[in-house]
Amino acid sequence: MNELPNSERLAAIQANVDKLNSCPRHEFNPAIPGIEQGVGAMFGQKIECKRCNGKADLLYVNAYIRGYEAAGKDGNDILPGWKPKELKRRFFKGDDE
Ligand SMILES: [Zn+2]
């Protein structure tokens, strides 16, 4: 477990935030350890940006990608494999048949 004094933990957190904030565009590693057990198993875990080496949890990554896409870009630039090439509609019976 993490037994660092609070001051050192806060310094580490601030250093990570500084890395994330200084990055021009994150690119997260798609080989997420543990992802094979499902996204639910990833709750609370962090993944690392290949560019800035900042670590972010999946809620941050999700919001970052959605903002990137809202700006008209492709979320796969941030996390390859994020968006499947073909999305099948599931809500309206008959669309897939
Ligand atoms: Zn980054």
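Reader: How many of the 97 residues of the chain count as buried?

Author: A residue is called buried if 20 or more other C-beta atoms lie within 10 Å of its own, exposed if 12 or fewer, and partly exposed in between, with C-beta atoms placed from the backbone. Of the 97 residues here, 10% count as buried. This is a predicted model: local features need pLDDT of at least 70, side-chain atom pairs count only at pLDDT 80 or more, and totals for chains, interfaces and linings use all residues. Residues are numbered from 1 along each chain as its sequence is written.

Reader: Which residues make up the largest nonpolar core?

Author: In soluble globular proteins, nonpolar side chains tend to be buried together. A nonpolar core is a set of buried Ala, Val, Leu, Ile, Met, Phe, Trp, Tyr and Cys residues joined through C-beta atoms within 7 Å. The largest one in this chain has 8 residues: Phe-28, Ile-47, Cys-49, Ala-56, Val-61, Ile-65, Ile-78 and Leu-79.

Reader: What does Ile-78 touch, not counting residues up to four places away in sequence?

Author: Two residues are in contact if their C-beta atoms, placed from the backbone, lie within 7 Å. By that rule Ile-78 touches His-26, Glu-27, Phe-28, Tyr-64, Ile-65 and Tyr-68.

Reader: What pattern does the chain follow along the sequence?

Author: Helices (H or I, at least four residues) and strands (E, at least two) are DSSP runs, numbered from the N terminus. The pattern is α-β-β-α, from 2 helices and 2 strands.

Reader: How many residues does helix α1 have, and what does it reach from its first C-alpha to its last?

Author: The expected span of a helix is 1.5 Å times one less than its number of residues. Helix α1 (residues 6-22) has 17 residues and reaches 24 Å, close to the 24 Å expected. The count of buried residues in α1 is 0. Helix α2 (residues 58-70) has 13 residues and reaches 18 Å, close to the 18 Å expected.

Reader: Where does Lys-55 lie, and with which residues is it in contact beyond four places in sequence?

Author: Lys-55 lies in strand β2. Its contacts, leaving aside those neighbours, are Asn-16, Lys-46, Ile-47 and Glu-48. Lys-55 and Asn-16 are 39 residues apart in sequence and 6.7 Å apart in space, C-alpha to C-alpha. Lys-55 is partly exposed, because it has 15 other C-beta atoms within 10 Å.

Reader: Is Asn-53 buried or exposed?

Author: Asn-53 is exposed, because it has 11 other C-beta atoms within 10 Å. It lies in the loop between β1 (46-48) and β2 (55-57), and has a positive phi of about 65 degrees although it is not a glycine.
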